[in-house]
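Good morning, and thank you for coming. Please look at the sequence and the structure as I put them on the screen.

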Amino acid sequence: MVAIAPREPFAITHATVVTADAVGTTLEDMTILVGADGRIEQVAPSAQAPVRDGRRIIDATDKVVMPGLINAHTHLFSDGKPLNPKMATPRGQRVTAAIMHSPFGRPYLKARAKASVTTLLNSGVTTIRTLGDVEYEAVDLRDRIGEGRIVGPRILASGPLLAIPNGHGAPLIALTGSTPDDMANNARLNLEHGVNAIKIAATGGVTDAQRAGEAGSPQMGVDQMRAICDTAHEAGVIVAAHAQSPEGVKRALLAGVDTIEHGSALDAEMIELFRHNPHSLRGWSALIPTLSAGLPLTEIDQSVTGITDIQLSNSRNVVSGMIAGADEAHEEGIRVGVGTDTAMTFVTQYNTWRELDLLVKRAGFSAAEAIHAATRMNAEILGVDGVTGSIEVGKTADLLVLDTDPLLDLRALRQPAMVVTAGHVIDDPKVRRFDDIDDLLDGAFNE
């Protein structure tokens, strides 16, 4: 987050505007007027939009303006450096959870979350959804931003995810239960703490797997997940499910989850459930592939990643399915969004742009489709398309000013020249980068 400053009306003039539709439409020499309330007042050719009222003028000649990025799958508890494998053991999870929930750990946790959100924002991400928090630190940040006490991205905050005892994410970032009633009660507890997102651990995961084949192994039945979905949907809150196998994805969709995180290869039944899901909040479900989280573990040498043999085995089991699912979903016209699983090993808080690049390189997307997925589509998936995701009159001014055209090279998104969040202008945003991680990812993904 950056220091709070009064919001002032401004105009971005002579910009090339990337509209973020799926076909890559651009508008040349445009002026965008933004009011003191942080909303877009006008989008018009510069010749038809003279700026006469003394507002700040941002000359975007030879620059590109596009909607701010949306990252639909983040965690705030780490920075993306390799996680300690000892932390993934049952004992390590218990010790870490005890520390994080202690009077000593909570201030660190809040500071770490604030730093993560600052990095996300300065890298061009103006809306995030957290999907697995240690406590309710993201809810607190969301509220402070909403109250105007600090400047930050729009936050959909999940609080702890919901899991079975000793399931994925437990105990560090999870509330646990066994029966449908337990699951509904834990969902209500999160809602009482003010969350506006819910996450389920439908299957095992890579990071805390203790045996080969655990990642993707179903951990919840349809009835358990249905209880969570019904409770959240009554409050108008969408539900995400960590699911990394065909059976896990199918169960989660049958239960009514709104987004599948990570995913797997798809079959005809799953494709139909994505398109028409009678138990989801809006009658359909979407896929958030998170290729950024899976691929580094399989494409960078284990001696560098530091993951265990079991984690590597599990990664290999699920990553091919994640890629296949993203490709098939794109081919079938299913809603596919962008999330990176920030805080996981080699998933830094500032590299959201890489997920777009991976959708192009591994899942058949064009650059325009990837940008669309990270802006307009993500806004629709998260239910915030009425306020953000595109550059339109009446919407919040969540904008990026770029030095070059991302439709020609997505690396234009590496470092925005300017970030605007809810009308607050961040000039010359900076992030602290990890050159060793970036070099490894560049090599793995052939940048």
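I shall speak about the cavities, then a sheet, and then an aromatic pair.

This is a predicted model, in which local features need pLDDT of at least 70 and side-chain atom pairs count only at pLDDT 80 or more, while totals for chains, interfaces and linings use all residues. Residues are numbered from 1 along each chain as its sequence is written, and side-chain values use heavy atoms, with hydrogens and water left out.

Let me begin with the cavities. On a 1 Å grid over the protein atoms alone, a cavity is a set of points where a 1.4 Å probe fits but cannot get out, and lining residues have an atom within 4 Å of a point. A volume is the space filled by probe spheres set on the points, which are joined across faces, edges and corners. The count is 2 cavities of 30 Å³ or more.

The largest cavity has a volume of about 530 Å³. It is lined by 36 residues, of which His168, Val206, Thr207, Asp208 and Met344 are the closest to its centre. Helix H8 (291–299) and helix H10 (309–332) each give two or more residues to this lining, and H10 gives the most, with 5 residues. Helices (H or I, at least four residues) and strands (E, at least two) are DSSP runs, numbered from the N terminus.

The second largest cavity holds about 70 Å³ of space. Among the residues that line it are Ser292, Phe346, Arg354 and Phe445.

I turn now to the sheet. Two strands pair if DSSP finds at least two bridges between them. Here 3 strands form an open, parallel sheet in the order E6-E7-E8. Strand E6 (69–74) and strand E8 (154–156) stand at the edges with a single partner strand each, so one side of each is left without a neighbour in the sheet. Strand E7 (residues 125–130) pairs with E8 over 3 bridges, and Ile128 stands opposite Ile155 in E8.

Finally, which kind of aromatic pair do Tyr350 and Phe434 form? Rings of Phe, Tyr and Trp (its six-membered ring) pair if their centres lie within 6.5 Å; planes under 30 degrees apart count as stacked, over 60 as edge-to-face and the rest as tilted. Tyr350 and Phe434 form a tilted pair, at 6.1 Å centre to centre with 55° between the planes. Tyr350 lies in the loop between H10 and helix H11 (352–363), and Phe434 in the loop between strand E17 (424–427) and helix H13 (435–444), so the pair ties together parts that are 84 residues apart in sequence.

Methods
1 Å grid on protein atoms, 1.4 Å probe; cavity = no way out; pocket = protein on both sides within 12 Å on 5 of 7 lines; lining within 4 Å.
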